[in-house]
There are 2 protein chains.
Amino acid sequence: MDRRVFDVSTILEIAKLANVSYSTVSRALNGQKGVSEATRARIATLAREMNYYPDSSARALVSRRLNVIGIIIPRTCEYTFTSPYYSHIMLGISAVATQRGYQLMLVINEQNSYASFYQRRMVDGVIVVGNHFDDQRIFALTEHNIPSTVVPGFLPDSPPHPLSISSENHMANYQAIEHLINLGHRRIAFILGHPNSVYSVERIKAYKDAFRDKDLEIVDEYLPYSDFSVTDGFLLMGQLLDLPKPPTAVLCINDSISIGALNQIKARNLRIPDDLSVVVTCASNMLAHYDPPLTEVTVPVVSVGKTAADTLIQLIETGAAPPGRSPLLARFTIRRSTGPRPRPD
Amino acid sequence: MDRRVFDVSTILEIAKLANVSYSTVSRALNGQKGVSEATRARIATLAREMNYYPDSSARALVSRRLNVIGIIIPRTCEYTFTSPYYSHIMLGISAVATQRGYQLMLVINEQNSYASFYQRRMVDGVIVVGNHFDDQRIFALTEHNIPSTVVPGFLPDSPPHPLSISSENHMANYQAIEHLINLGHRRIAFILGHPNSVYSVERIKAYKDAFRDKDLEIVDEYLPYSDFSVTDGFLLMGQLLDLPKPPTAVLCINDSISIGALNQIKARNLRIPDDLSVVVTCASNMLAHYDPPLTEVTVPVVSVGKTAADTLIQLIETGAAPPGRSPLLARFTIRRSTGPRPRPD
DNA sequence: GCTGTTTACGCAAACGTTTGCGTTAAATTA
DNA sequence: TAATTTAACGCAAACGTTTGCGTAAACAGC
């Protein structure tokens with residue numbers, strides 16, 4: 001009678017009507033062998049007629065498999081959740097998960113243990129989508145042997161998590177900076193993200209590598225940190241332009257910073273690239289139709305999400321991490337927002 | 001021994017070590033009465049030491065409550081999932097869900113029945129976040145009495161779902177159009193979304209209401225439909241400007257359309273508002289620092305998400321929908337992107 | 001016709017909880 | 001002191017599955 005509320009029937013009721021034991025019903029519905037085609041068909045139609053759906057909780061209890069993976073957005077990353085970066089990663093995760101029969105549990109702004117979701121058996125594994133490499137809670141995942149991947153993962157030299165999924169951005173950023181240097185720029189700014197974001201560290205490295213390779217001096221003033229927000233992009237771009245020696249070129253670390261910075265440039269009526277060269281970094285197509293067309297580092301965000309999900313599911317199902325994956329290369333595309341260094345005024 | 005894999009203990013093991021029955025452990029851990037403070041404390045420390053976490057599946061199986069609500073993004077809305085609109089709604093849902101002890105199950109691009117998630121007992125209720133009012137699958141939710149809310153819901157005159165959560169946009173849009181008319185504009189364009197999106201219908205109504213109230217003629221050419229994308233905003237703005245009699249003012253239905261349209265305007269070097277007045281609609285702050293500051297319809301998207309979650313949880317827990325909610329009013333803010341109609345050329 | 005194999009099923013345990021009911025012993029009341 | 005209530009706990013059923021094992025019947029090979 002309690003079941004009436006839920007308007008669905010159980011395996012037992014079907015068994016009665018089909019005149020078989022309920023274990024046979026289970027096998028029939030799950031496509032296991034040991035059931036004749038006749039009874040299988042009978043049970044199948046009966047199940048449909050009776051509006052039968054398996055109870056996921058009961059199934060999970062005995063089979064120890066929920067077919068659910070958790071997406072965890074740490075508290076430290078909440079402010080960026082609304083950015084296209086996150087939604088594109090989730091789109092990638094979702095695509096693979098759906099295809100392989102997994103549901104998604106979304107945990108935004110998590111402040112407690114990441115492990116607990118697994119320990120409480122709410123998920124078969126978790127994907128932590130955060131970019132702070134100082135997150136101690138990651139350790140518990142590997143320590144307790146919890147199936148998990150981390151996006152974008154951590155610094156290559158000290159990875160606290162063996163399954164870090166990240167795009168390979170060094171090359172594209174190096175190319176971008178090299179491109180600007182070759183155009184004659186020397187005062188090149190890069191609006192970064194949080195100081196302990198993987199992305200920031202990665203970008204700084206690309207920047208410094210390119211500058212060192214060209215024997216150029218690195219001025220920290222041109223490398224401001226931001227909170228990844230549109231507003232910060234706007235404000236920091238303003239501060240850069242207010243410098244005694246303002247940059248002649250600027251790179252932006254993500255969509256929001258790019259948009260904010262462009263608005264600042266527009267507000268000051270600076271011409272791109274005549275007065276200032278701009279390289280943006282995009283996960284979305286928000287800036288696809290900007291005038292002028294923007295020289296851009298394109299990050300394969302959806303692929304990152306797909307790989308993270310694929311790796312995790314493989315780990316869940318086989319117990320072992322899949323072998324080395326091919327790198328997900330960010331692309332550098334030259335368009336018309338970068339040009340020769342303006343002559344000093 | 002199988003439990004070793006999961007590295008957690010069960011209620012039974014704790015019971016043994018505490019020298020009580022496992023029902024006592026359950027009661028102690030759940031804060032029910034019938035347990036002395038001494039044993040309760042003993043069990044609590046023991047549970048912590050032994051790394052105990054309740055098994056959600058087992059708990060759900062008997063208590064018929066999962067504490068999970070599903071967020072369903074229909075297939076027809078997938079293309080907009082990456083828009084700030086969706087992430088802000090999810091942020092609102094998440095805030096309330098977390099506070100009230102619910103987890104979120106995210107289903108992107110669902111093509112099957114919405115009801116099945118409930119019928120398979122994966123969620124206690126669902127929030128459908130879509131904007132097409134021709135979605136037949138909504139009917140099954142009410143038909144089977146499944147706890148659910150729908151965002152943004154449906155047209156007020158024919159609601160197929162009793163719990164539609166939506167912002168109240170008519171007034172703000174009416175004000176926006178009235179504002180433009182008062183500025184002398186007559187050729188006013190509105191770049192809408194999908195033809196059977198609730199938002200489009202709502203906007204058309206506001207538009208036509210304002211025009212009728214001023215005894216002005218409505219020209220359908222100025223009311224193009226879009227797919228809510230940046231690209232479409234860009235292209236449609238171009239088509240509008242290519243019209244023999246181009247509009248002197250334009251309204252945009254959401255963030256993406258606004259961005260696309262602004263890019264088109266910028267690409268043509270039109271001055272805002274001298275050549276063209278622009279009213280944008282925003283869920284995000286992507287356009288917060290635009291130059292000039294944009295006259296805007298601000299939609300309280302996070303509040304919509306919060307209300308949807310709040311209503312649903314109330315429905316789940318009490319079995320009845322909460323009484324009438326106060327409307328979530330969109331705001332109209334005049335800034336500097338709207339000005340007097342330019343004199344005819 | 002005997003043995004061995006396969007097919008199609010049933011039985012019952014198990015998964016880890018919650019919870020109604022029963023049973024002591026202690027505490028309270030008359 | 002006896003009667004009654006209450007507190008603290010145990011017992012066992014229940015939730016709806018999956019699955020290992022057992023078994024009868026059918027079937028094959030010789």
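By class, the surface near DNA strand D is made of eleven nonpolar, eleven polar and four charged residues, where Ala, Val, Leu, Ile, Met, Phe, Trp, Tyr, Cys and Pro count as nonpolar, Asp, Glu, Lys and Arg as charged, and the others, Gly among them, as polar. Before I go on, please keep in mind that this is a predicted model, in which local features need pLDDT of at least 70 and side-chain atom pairs count only at pLDDT 80 or more, while totals for chains, interfaces and linings use all residues. Residues are numbered from 1 along each chain as its sequence is written, and chains are lettered from A and ligands numbered from 1 in the order in which they are written.

Let me stay with the DNA for a moment. Helices here are DSSP runs of H or I with at least four residues, strands are runs of E with at least two, and both are numbered from the N terminus.

Turning to DNA strand C, there are 26 residues around it, with A:Ser21, A:Ser23, A:Val62, B:Ile11 and B:Ser23 coming nearest.

Now to the two protein chains. Their contact takes 47 residues from chain A and 47 residues from chain B, two residues being in contact if their C-beta atoms, placed from the backbone, lie within 7 Å. On the side of chain B that touches chain A, at least two residues each come from helix 5, helix 6 (84–99), strand 2 (103–110), helix 7 (116–119), helix 11 (230–241) and helix 12 (255–267), and this side has 21 nonpolar, 20 polar and six charged residues. Because 98% of the interface residues of chain B are also interface residues in chain A, the copies meet through the same surface.

How are the copies related? Chain B can be laid on chain A with an RMSD of 0.1 Å by a turn of 180° and a shift of 0.0 Å along the axis, and the two are thus related as by a two-fold rotation axis; the superposition is by least squares on the C-alpha atoms of residues with pLDDT of at least 70 in both.

Strand 2 of chain A and strand 2 of chain B run antiparallel and are joined by three bridges, with A:Leu104 opposite B:Leu106. Within chain B, strand 1 (residues 68–74) pairs with strand 2 in the parallel sense over seven bridges, and B:Ile72 has B:Val107 as its bridge partner.

Terms used: Pairing = 2+ DSSP bridges. Near = placed C-beta within 6 Å.
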